[in-house]
Amino acid sequence: MKTLDEIKQIKSLHLADTDIDGGCGFLYLGGIKARPATVVFSWAGGWEHVSVSYSTRCPTWEEMCKVKDMFWNDDECVIQYHPPKSDFFKINKRRHLSGNFLGSGV
């Protein structure tokens, strides 16, 4: 995952808060009428994680690819989780990306 200093350079990210293990804010992913997505990112406990959500819909695959490129380097493996269908109603309109996996290099 990129460093906090690198993340702060993302022009389409408007940070609301940062701490020693991550932060949150609003991310503009494109389009004139596009609404901002809420983004939460962290690297605590050996996990690197970014959560992206909209108030009215789920982020698209293409939007999550943009987020991956914003928060991770090209040579890093990142996974998007797909929950069991029985949990869909609990997820709301959010998608998650995770990387590093306790330094496994996978």
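This is a predicted model: local features need pLDDT of at least 70, side-chain atom pairs count only at pLDDT 80 or more; totals for chains, interfaces and linings use all residues.
Residues are numbered from 1 along each chain as its sequence is written, and side-chain values use heavy atoms, with hydrogens and water left out.

Let's start with the core. By nonpolar core I mean buried Ala, Val, Leu, Ile, Met, Phe, Trp, Tyr and Cys residues joined through side-chain atoms within 4.5 Å; buried is under 20% relative accessible area, with a 1.4 Å probe and protein chains only. The largest one has 18 residues, and Leu27, Val50, Val67 and Phe71 have the most contacts inside it. Two or more residues come from each of strand S3 (37-42), strand S4 (48-53) and helix H2 (61-71). Those are DSSP runs, numbered from the N terminus: H or I of at least four residues for helices, E of at least two for strands. H2 gives the largest share, four residues.

What does valine 67 touch? Leaving aside residues up to four places away in sequence, its partners are Leu27, Leu29, Val50, Val52 and Leu97, with contact meaning heavy atoms within 4.5 Å.

Now the rings. Phe, Tyr and Trp rings (six-membered ring for Trp) pair if their centres lie within 6.5 Å; planes under 30 degrees apart are stacked, over 60 edge-to-face, the rest tilted. That rule gives two aromatic pairs. Phenylalanine 41 and phenylalanine 71 form a tilted one, 5.5 Å centre to centre with 45° between the planes. This pair joins S3 to H2, 30 residues apart. Phenylalanine 41 counts as buried because its relative accessibility is 1%, and phenylalanine 71 because its value is 0%. Ring pairs link Phe41, Trp43 and Phe71 into a cluster.

Methods. Buried means under 20% relative accessible area, exposed over 50%, partly exposed in between (1.4 Å probe, protein chains only).
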